[in-house]
Amino acid sequence: MEVVIIGAGIVGAACAFHAASAGLGVTVLDRGPVGAGTTSRGEGNILLSDKEPGPELELARLSRDLWGEASEELGPQSVEFENKGGLVVASAPEGLAALHAFAARQAAAGVRTERVDRVGEFEPHIAPGLPGGVHYPQDAQVQPVLAAAGLLRAAVRRGARVRTGEAVAAVTGTGGRINGVRTADGSVLTADAVVNAAGTWGGEVGSRLGAPVEILPRRGFVLVTEPLPPMIRHKVYSADYVANVASSDEGLETSCVVEGTRAGTVLIGASRERVGFDTAMNPDVVALLAAQACRLFPFLRDVHLLRAYRGFRPYCPDHLPVVGPDPRVPGVLHACGHEGAGIGLAPGTGALITAQLLGRPWRGADPAAHTGLLPDRFLTTGGVPT
Ligand SMILES: Cc1cc2nc3c(=O)[nH]c(=O)nc-3n(C[C@H](O)[C@H](O)[C@H](O)COP(=O)(O)OP(=O)(O)OC[C@H]3O[C@@H](n4cnc5c(N)ncnc54)[C@H](O)[C@@H]3O)c2cc1C
């Protein structure tokens with residue numbers, strides 16, 4: 001079977017890695033370089049801690065296992081995979097009770113959780129007086145662009161082809177079934193299946209494939225400090241982050257996640273707002289995130305910021321990724337809309353897409369177990385290939 005994957009971000013790369021591992025013929029097309037879309041704008045958190053029990057957590061649990069396996073093959077150092085764990089802290093006793101209740105639901109769904117009464121023993125430089133938190137030992141981290149490149153290199157070793165600088169303009173087909181894609185320069189690539197892994201542009205690419213899906217940009221800023229000696233051991237964030245992630249509010253929301261990197265910089269992310277593809281710098285957002293981070297780690301008040309970057313999360317109105325065959329156009333599969341979790345969810349998505357292409361489970365991904373992510377959950381309009 002020949003498969004064309006549109007998008008060489010982390011999701012397209014993971015789809016290519018698994019599909020090529022399964023022996024499928026794979027060509028990855030991207031209009032730009034590898035990993036230059038939202039993948040270059042994420043922080044690289046692989047989180048179970050922020051996910052409610054449900055379809056996304058199931059994909060995240062599968063992905064966490066597959067990240068461990070993939071990083072062994074790619075070399076944990078080369079993709080900066082760090083099994084560092086997350087620490088979610090409450091700022092008030094009421095918040096702690098809610099956090100414990102949330103963690104208990106996650107534990108019942110298979111997530112490892114550990115109550116932490118003295119957060120200072122976990123994080124010596126955290127603000128004093130916090131009432132407690134929950135440690136999530138499975139939370140991890142990866143460098144997203146290195147990981148996308150590494151997954152694609154591994155796919156190429158298994159026979160996949162990667163073509164950058166080529167935008168997909170349309171799908172070709174007869175009788176309602178696709179048999180390839182046409183790139184912007186007019187060349188045609190034949191394929192039995194086309195995977196839409198175009199991230200925030202998945203809606204636009206879906207429309208070109210005759211299978212529109214609703215994916216919207218949700219802007220986020222990340223702050224980067226000057227390099228420091230190791231001061232922060234885990235991913236640390238306050239319990240209200242979870243509410244912000246799940247919110248559908250269009251206005252600005254900030255609740256920071258703070259983490260050290262191997263290079264010594266501290267990453268402080270991330271804001272959430274729906275302002276279209278507006279790339280303008282917003283100093284107010286930067287100031288809010290910085291203030292929140294300083295409340296969690298007071299030593300940051302004396303640390304300089306090096307830079308702030310921003311990107312556009314691929315946001316689906318129900319906050320779930322769209323993964324699976326589109327019933328309107330046989331041969332088209334979507335793998336997009338992962339919002340602020342696409343780095344973490346990529347390997348599970350790649351395995352699930354591969355399982356759907358094969359028509360049988362692949363590397364722990366059983367299509368029957370992930371039906372909540374299928375595109376037919378919110379399809380309203382039809383479409384056929386041209
Ligand atoms: C500030 C911020 C912080 C984040 N932090 C995290 C985090 O800590 N952990 C986490 O898991 N996630 C995080 N995310 C989210 C994560 O970055 C995304 O979910 C993920 O990168 C999406 O990957 P993707 O491969 O789907 O999309 P992309 O990386 O955007 O890749 C899509 C590709 O499709 C290509 N494309 C588009 N249109 C066409 C076309 N017509 N023809 C050919 N190619 C096309 C683009 O060029 C692009 O390379 C964060 C996001 C932001 C903005």
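Q: How far apart do the C-alpha centres of domain 1 and domain 2 lie?

A: This is a predicted model, in which local features need pLDDT of at least 70 and side-chain atom pairs count only at pLDDT 80 or more, while totals for chains, interfaces and linings use all residues. Residues are numbered from 1 along each chain as its sequence is written, and side-chain values use heavy atoms, with hydrogens and water left out. Domain bounds come from an automatic or database domain assignment. Here domain 1 comprises 2-76 + 144-215 + 318-381, and domain 2 comprises 86-137 + 216-315. Their C-alpha centres are 27 Å apart.

Q: How many residues of domain 1 are in contact with domain 2, and what area is buried between them?

A: Contact means heavy atoms within 4.5 Å; by that criterion, 27 residues of domain 1 touch 35 residues of domain 2. Buried area is the accessible area (1.4 Å probe) that two parts lose on being put together, summed over both. For this pair of domains it is about 2500 Å², with 56% from carbon and sulfur atoms. On the domain 1 side, Glu43, Ser49 and Glu339 lose the most area, together 26% of what that side buries.

Q: Which side chains meet in a salt bridge?

A: A salt bridge is a side-chain nitrogen of Lys or Arg within 4 Å of a carboxyl oxygen of Asp or Glu. Two are counted between the domains. The side chains of Glu52 and Arg105 form a salt bridge, at 3.4 Å from N to O.

Q: Which residues that surround the ligand are the closest?

A: A residue is near a molecule if one of its heavy atoms lies within 4 Å of it. The ligand is surrounded by 37 residues, the closest being Asp30, Thr39, Asn45, Glu339 and Gly344.

Q: Where is the peptide bond cis, and what is the phi of Glu80?

A: Most residues other than glycine have a negative phi, and most peptide bonds are trans. The bond from Gly269 to Ala270 is cis, with omega near -15°. Ala270 belongs to strand 16 (residues 266-272), where strands are DSSP runs of E, at least two residues, and helices are runs of H or I, at least four, numbered from the N terminus. Glu80, a residue other than glycine, has a positive phi near 55° and is found in the loop between helix 2 and strand 4 (86-90).
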